[in-house]
Amino acid sequence: MITVANRLAGVGEYYFSEKLREIDTLNREGKQIINLGIGSPDLPPHPDVMAELHQNAVLPNVHGYQSYKGSPILRNAIANWYQTWYKVSLNADTEILPLIGSKEGIMHICMTYLNNGDEVLVPNPGYPTYSSAVTLAGGVVKNYTMSEALNWEPDFDALEKHDLSKVKLMFVNYPHMPTGQLGSLNLFEKIVAFAKKHQILIIHDNPYSFILNEQPLSMLQVDGAKDNVLELNSLSKSHNMAGWRVGMLCANQQFITEVLRFKSNMDSGMFLPLQMAAAKALTLGKDWFQSLNQVYVKRRKLVFDLLDMLQCVYQKNQVGLFVWAKIPSTYKDGYALSDTVLYQCNVFITPGGIFGNAGNGYIRISLCATEEKLNEAIKRIKNNLHV
């Protein structure tokens, strides 16, 4: 009998993969579930971006293999984007690596740097892929618990009390998912100083910096950050291009070269017209982000109304594509509240526990649903839970 590789031990199917299958089954039964779980933008990219893709896709000479390190057109666009919005100077030839989505970069980095037994600091709550990528690469996950009391920031005093001698990487993510906590340069300076002190590589996952946030930040803005920081970014959220799979790794030349050694053995370059369309997206100005956020502001107000009905507690200054909320004491945990709303109201919201046990007392609601769907969700909850 053929068995799966040991590396899959402790790594289950991604929660949303499994849950979407259940929702599909419920829909086939006629339930018409309103999905407020996943942060997949339902709005389209800018028309100019789609036009750029179409215009180039019909050309006869753009269909071959592309460079493993990405087209110079895209790399230069990324460099200009970082300079314009983050005031970070990047060498387009040596400090940028386009990715097939930033999720790919998480795996590539883990496979590039981790040996069996190497330890990695992973936020709790945090994006589940961090832990699974570390495990698949043979590393050991060391969760660092964050709390609302500390504004969902690392507890550096607590971290300093642990043996960090085997820690090689540390994942951080601001604006933070799932809590919506905004980062700051002061926090980034603390993280970089911690990394330098303990000779740790920081992986900063930064896909949410433009959503409901007027001052996008990069950890690479900190002086000397390039010595210890690899920053992942993405067009999925900021440009409504989640399915296009366009991300980037920004770091010093040594880190880019090392990650490319692994990546070049795993895939080839993206379809050139797609890279050219992505480059076009990166030229969009302030009007694009303002129009996008005007939509999310209206949706967030409705999500607040929904959470009020469920007697949840939340902070109104959250940013990103979600709203994170503490559940009332009448429910055991976020799973219980999520199941109640799903099976009684045909509305799916994400239990906070999938992001780590520090999220057990919370739920997360996505803003990637129309006002019509959100109003219908409110109506269903009001009618079925009698709130």
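Tutor: In this predicted model, the side chain of Lys 263 makes a polar contact of 3.1 Å with the side chain of Asp 267. A second polar contact, of 3.3 Å, joins the Lys 263 side chain to that of Glu 104. Lys 263 belongs to helix H8, residues 253-263. Its relative accessibility is 2%, so Lys 263 counts as buried, the cut-off being under 20%. Apart from neighbours within four places in sequence, Lys 263 is in contact with Tyr 68, Leu 97, Pro 98, Leu 99, Ile 100, Glu 104 and His 108.

Now the aromatic pairs. The count comes to 19 aromatic pairs. One of them, Trp 152 with Tyr 362, is edge-to-face, at 5.5 Å centre to centre with 75° between the planes. Trp 152 sits in the loop between strand E4 (140-145) and helix H6 (156-160), and Tyr 362 in strand E13 (residues 362-366), so this pair ties together parts 210 residues apart in sequence. Trp 152 is buried at 3% relative accessibility, and Tyr 362 is buried at 9%.

Phe 210 and Phe 289 form a stacked pair, 4.4 Å centre to centre and 20° between the planes. Phe 210 lies in the loop between strand E6 (201-205) and strand E7 (229-234), Phe 289 in helix H10 (residues 286-309), and the two are 79 residues apart. Phe 210 is buried, with a relative accessible area of 3%; Phe 289 counts as buried at 5% relative accessibility.

Technical notes
Residues are numbered from 1 along each chain as its sequence is written. This is a predicted model: local features need pLDDT of at least 70, side-chain atom pairs count only at pLDDT 80 or more; totals for chains, interfaces and linings use all residues. Side-chain values use heavy atoms; hydrogens and water are left out. Helices (H or I, at least four residues) and strands (E, at least two) are DSSP runs, numbered from the N terminus. Buried means under 20% relative accessible area, exposed over 50%, partly exposed in between (1.4 Å probe, protein chains only). A polar contact is a pair of N or O atoms within 3.5 Å; within protein, one must be able to donate a hydrogen and the other to accept it, and residues adjacent in sequence count only if both atoms are side-chain atoms. Contact means heavy atoms within 4.5 Å. Rings of Phe, Tyr and Trp (its six-membered ring) pair if their centres lie within 6.5 Å; planes under 30 degrees apart count as stacked, over 60 as edge-to-face and the rest as tilted.
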